[in-house]
Amino acid sequence: MAQRGSTWLNVAQRGSFGLRPGPSVRAESLDAVNLSAVSGGDATLPCDTRSPQPPDALLLVVWYKDDVPIYSYDGRVKGPTAHWADASLGGRARWHASPHSALKIRDVVPTDRALYRCRVDFKVSPTKNHKLMLHVIELPEKPKIFDESDKEIVGVAGPYIEDTSLRLTCVVSGGKPMPRVRWWRGDKMVSKLDPIEDGSLLSTLELKIPKLKREYFEAVYTCAADNTALVPPLRVNVQIQLFLRPLLVEILSREQPLSVGNEAELACRAIGARPPAVITWWLDNKEMTVTDPQKDSEDRNETISFLRWTPRMEDDGHTLKCRATHSKLEHATLETSIKLDLHFMPIVTLQLGSKMNPNDIEEGDDVYFDCIVKANPPAYKVVWEHNGQVMTHNQRAGVIAGSAHLALQGASREQAGKYVCIASNVEGDGRSEPVNLQILYKPVCKTPINTIVGAAINEAAKVTCEVDAFPPPKNFQWVLNNTSATKELDTGKFTVGPGRSVLTFIPTAETDYGSLSCRATNLAGQQIEPCRYTLLPAVKPDPPTNCSARNLTDDSAELRCAAGYDGGLQTTYFVEAWAAGELIANVSTITPVWKLQGLGSETALKLVFYASNARGRSEVTTIRVHTLSRLALHTEAKSNHVGVDTSWALGIIAGIIGTLAVLATLALLARKRHRPLQYEAPVQTVKAYKGSMQSANHSPIGDDKNPDVVPLGKDFNCTRDCERPPEPPPYAAVVSPPVGSSRSAHSLHDTRSNTPHTPNTPASDAQSIGTLADDRRSVTSGTLSRRREVVTTRTPLLANARESCV
């Protein structure tokens, strides 16, 4: 026991002067434990300080580096003085007793590489020694990558052209032990270099790719270097960039076809080019202008160009190209093309049949039209128009209409005019230019009736002959036929204009009157049926008849009469409006239709109608009217606002009154049927009556007590006029003419003076009826081919009105 203590004391004494192993210390032969530490890191040197015979006390722990004490810990001393460290450690070492006893060295340096021994002294137990071999690992520098030109690559290598080779070199400097170097692509190692202790300070490893395919685009390679498992390998990444040719270029399909004249948007897509392709548009070999910039996808793998273009008709059938080029690569152009199949509205051309002469088509010829249609898509309908009216197929009428041809069998003059062919497809309706069809036909009269022309002796009368013909005639022939002879008139007596001839005729005797005929000739031939005129002595006109007032208001009236014979001359029709013996309106027109205004409300008017020409003024026709009251009109307007109940009540009352009126009318008609009136008169008596009607008084102030009924004769007195003996006709016996026919011939030789007639009264009306009855009884034995009856009746509802009928 004393011996062991002395040993500790010797150690303690030596430790205080720098511990050195002495012969009194028993060193244990132990194998060293290898430990590794990274230069610049921390190293932990464990030492078991547990006593094999507890509860023995720990006295002293001493650390040796290559048998040189560098650190000690005295368990008998409390406080910081219990620790001692050699100056070579520079304060980087510290003993830790728990949780596991060990010496920890910070900031390990390469000189820390050595054989370390830990000696542990106990109070009772024998001394223990632990050997540790500390290996200090020096990490290599971060790898560097160089290209074929020995230029350092940072981040990105290239860009390289597709299908060329690549060589990259990874260089690692330093490291002890020598590092191993490896190339990785993702998780796959593609190349490696094992450590070689040849004294060199550099480790190099090459990456070779003989042909850069598209799959290497933006591929990431990693160069890793490591010489210990204590720290991760040192890595550097490089991305490979390539110039890639476009893989595909295409013109995207459209839902709608291209239409002529309509702006269209077309899209062309290029795929696979790096950098993105440059897209251009070409029409045949001419580059087109593109206003919109091309667009790239997010991954820049796809590029789209939009072309806004309005096709023209002449572009149909041409080639539209989309071309994708690479700005860096030659011979890397791709293009695609489409042949333009443009849709367009039908283009229509209309023409006459090839064997037809448009200037030699006569009435009755067959006419053919050809409709030439160019359309895409094809026309589904063809319509023919004549003068703006749609034509329909009608074989019975000789109209045969097809999609490409139109035939007119036996064409008539009415079928001349402008013809148009209209073709339709989904793009619209195409119209041809109109083709004017000219049909030659012989002249015909525009007025086919026999026209009466009045002419006074030794006065010039102009007779106009107008014909319808194509082409317009240039030759006219006038023939006069009278009692003396039939002769053709000299060309100096008439003029010729477009479609008309005007004859100036001066009768010098009564034998010059007769009938005229006019005949025209054109390229189609001579007029078959001439225009006929009857030349009579000019006389004053007959008075207007059947005059009536329409649309009476509180201030105006519309008047209408039937025109009588105009005497063969231009006639003017007059109406005079009289109120209280004062003339308030006098209006003339060339037709017997008038509209009077400013008549005043509730005015009793006498309207006097007559006609006038160059030979004089006709007799007059008189009617009476009353303008309406403004109050009545106002009341009528207000009645429109009466409530529904009042309207129903008034309707019921009106219905009852109407029913009673109908019953009363039926009763009166039944009574009249039991007393029919029939009157007969010889022809001479009728003519005498007609003559009396023509000798009406011109005075505008004659009395007429029936303003609502139009009389046939003015101031008719049956007692006087019916008893007058008849006069013979001037030219020949005439059967009583129809109502409204000319009486001018009779007027020429009527030398009777006009006797004033007295106004008709109810008494004179009764006298007229009795006289007519006597006349009827006096001629019951005679045979008449025609009958004229004058019946005057009086109705209970209109006590002061009479109705005269012929």
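**Disulfides of the predicted model**

Modeller: Cys170 is buried, as its relative accessible area is 0%. The model is predicted. The link of Cys170 and Cys223 is left-handed, with -80 degrees about the S-S bond.

A disulfide is a covalent bond between the sulfur atoms of two cysteines. The structure holds 7 disulfides. I cover two others below.

Next comes the pair of Cys371 and Cys421. Their S to S distance is 1.9 Å. The link of Cys371 and Cys421 is left-handed, at -80 degrees about the S-S bond. Strand β28 carries Cys371 and strand β33 (residues 417-425) carries Cys421, so the bond ties together parts that are 50 residues apart in sequence. Cys371 has a relative accessibility of 6%, so it counts as buried because the cut-off is under 20%. Cys421 has 0% relative accessibility and counts as buried.

The loop between β27 (344-352) and β28 (367-376) contains Glu362. Glu362 has 33% relative accessibility, so it counts as partly exposed. Glu362 also belongs to a surface patch of negative charge, together with Asp360, Asp365 and Asp366. So much for that loop.

The last pair here is Cys465 and Cys518. Their sulfur atoms are 2.2 Å apart, and they form a disulfide. The link of Cys465 and Cys518 is left-handed, with -90 degrees about the S-S bond. Cys465 lies in strand β38 (residues 461-470) and Cys518 in strand β43 (residues 514-522), so the pair ties together parts that are 53 residues apart in sequence. Cys465 counts as buried, at 0% relative accessibility. Cys518 is buried as well, with a relative accessible area of 0%.

To recap the distances, pair by pair. Cys371 to Cys421 is 1.9 Å. Cys465 to Cys518 is 2.2 Å.

Definitions and conventions. Residues are numbered from 1 along each chain as its sequence is written. This is a predicted model: local features need pLDDT of at least 70, side-chain atom pairs count only at pLDDT 80 or more; totals for chains, interfaces and linings use all residues. Side-chain values use heavy atoms; hydrogens and water are left out. Patches are made of residues with over 30% relative accessible area and no salt bridge: like charges are joined within 9 Å, nonpolar side chains (Val, Leu, Ile, Met, Phe, Trp, Tyr) within 5 Å. Accessible areas come from the Shrake-Rupley method with a 1.4 Å probe; for residues, only the protein chains shown count as cover. A salt bridge is a side-chain nitrogen of Lys or Arg within 4 Å of a carboxyl oxygen of Asp or Glu. Lys and Arg count as positive and Asp and Glu as negative; His and the chain ends are not counted. The place of a charge is taken as NZ of Lys, CZ of Arg, CG of Asp or CD of Glu. Helices (H or I, at least four residues) and strands (E, at least two) are DSSP runs, numbered from the N terminus. Buried means under 20% relative accessible area, exposed over 50%, partly exposed in between (1.4 Å probe, protein chains only). A disulfide is a pair of cysteine sulfur atoms within 2.5 Å.
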